[in-house]
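I opened this notebook page to record what I looked up in the structure, one place at a time. The entries follow the order in which I went through them.

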Amino acid sequence: MRATRRHFLATAAALAGASALPIRPVQAAAPITIVMMPKLVGIPYYNVVKAGVDDASKELAGDTKVIWQGPTVDQVDKQIEMLDNIIESKPDVIAVASNDPQAIVPVLKKARAAGIHVITWDGDAEFREAFVNFVNYDAFGASLADEMAKQVGSSAKVAVVTSTLTAPN
C-alpha cells in the first residue's frame with residue numbers, strides 16, 4: 001500500500017514536471033503542488049486515504065507539496081465551487097475524486113486551460129489526463145454481491161446504499 005501511495009504522488013508529480021514546462025515554467029528547486037480533492041472530507045474512508053497521502057508526501061519531501069481540500073458534503077456543486085477557487089492559486093496538479101463524472105467536466109477543462117494538470121482518482125470524470133483507480137469496480141462489486149449472497153442466501157431481501165446517484169463508483 002505504501003508503494004501505491006508513493007507511486008500515485010510520484011506519477012502526479014512526474015505528470016506536472018514532465019509537461020508543465022512549456023505551459024508554465026517551474027523552477028527546479030520548487031516543489032510540485034498537488035491539490036487532492038476527495039468526494040468529501042471528514043469520513044473514515046477518506047481520513048485513511050488522507051493519512052496515506054500524507055505519508056507518501058513525507059517520503060517525497062521537497063519534491064511535492066500536497067494540499068488536501070474537499071467539501072464537507074458529497075455534492076458536485078461544492079466540488080465545482082472549490083475547484084474554481086483552487087484554479088486561482090495555480091497548483092501544478094489537481095487530483096479529484098469526482099462526485100459526478102459529467103457535471104464536473106467544465107471546471108476541469110477550465111483548470112486544464114489554465115495550465116493545471118488534471119487527474120482523477122477513486123471517482124472518475126469524463127475529462128482528465130489520467131485516472132488512478134484503487135480497484136476494478138465490476139470485479140469488486142461482483143465480489144461483494146457474491147459474498148453477500150453466500151452470507152444471507154440467494155432468496156434474502158437486501159437494500160443497496162450508495163453515496164450519491166451520480167457517483168461513478
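I began with T120, which I find buried at a relative accessible area of 0%, in a model that is predicted. A residue counts as buried when its relative accessible area is under 20%, so T120 qualifies. T120 sits in strand β4, which covers residues 117-121. I then looked up its partners: the T120 side chain makes a polar contact of 2.7 Å with the side chain of D124. Leaving out residues up to four places away in sequence, I list V96, A125, R128, A130, F131 and V132 as the residues that T120 touches.

Next I turned to helix α4, residues 105-113, where V105, V107, L108 and A111 are buried. These residues lie on the same side of α4, because they cover an arc of only 165° around the axis. As a reminder to myself, an α-helix has 3.6 residues a turn, so residues three or four places apart point the same way. On the other side of α4, I noted P106 and A113 as exposed.

Y45 and Y46 form one of them, edge-to-face, at 4.8 Å centre to centre with 70° between the planes. Y46 counts as buried at 4% relative accessibility, whereas Y45, at 41%, counts as partly exposed. Y46 also pairs edge-to-face with W121, at 5.9 Å centre to centre and 90° between the planes. This pair links distant parts of the chain, since Y46 belongs to helix α2 (residues 44-59) and W121 to strand β4, 75 residues apart. W121 counts as buried, at 0% relative accessibility. Taken together, ring pairs link Y45, Y46, W68 and W121 into a cluster.

Last, I recorded the chain as a whole, which has 5 helices and 5 strands in the pattern α-β-α-β-α-β-α-β-β-α along the sequence. Of its 169 residues, 37% count as buried. Among contacts with a separation of 6 or more, 67% are accounted for by residues 24 or more positions apart. The chain exposes about 9,400 Å², and carbon and sulfur atoms supply 57% of it.

Terms used
Residues numbered from 1 in each chain as written. Predicted model: local features only at pLDDT ≥ 70, side-chain atom pairs only at ≥ 80, totals over all residues. Heavy atoms only, no water. Helix = DSSP H or I, 4+ residues; strand = E, 2+ residues; numbered from the N terminus. Buried < 20%, exposed > 50% of the residue type's maximum accessible area, 1.4 Å probe, protein only. Polar contact = N/O pair within 3.5 Å; in protein donor to acceptor, adjacent residues only side chain to side chain. Contact = heavy atoms within 4.5 Å. Arc of directions from axis to C-beta. Areas by Shrake-Rupley, 256 points an atom, 1.4 Å probe, with all protein chains shown as cover. Phe/Tyr/Trp six-rings, centres within 6.5 Å; stacked < 30°, edge-to-face > 60°.
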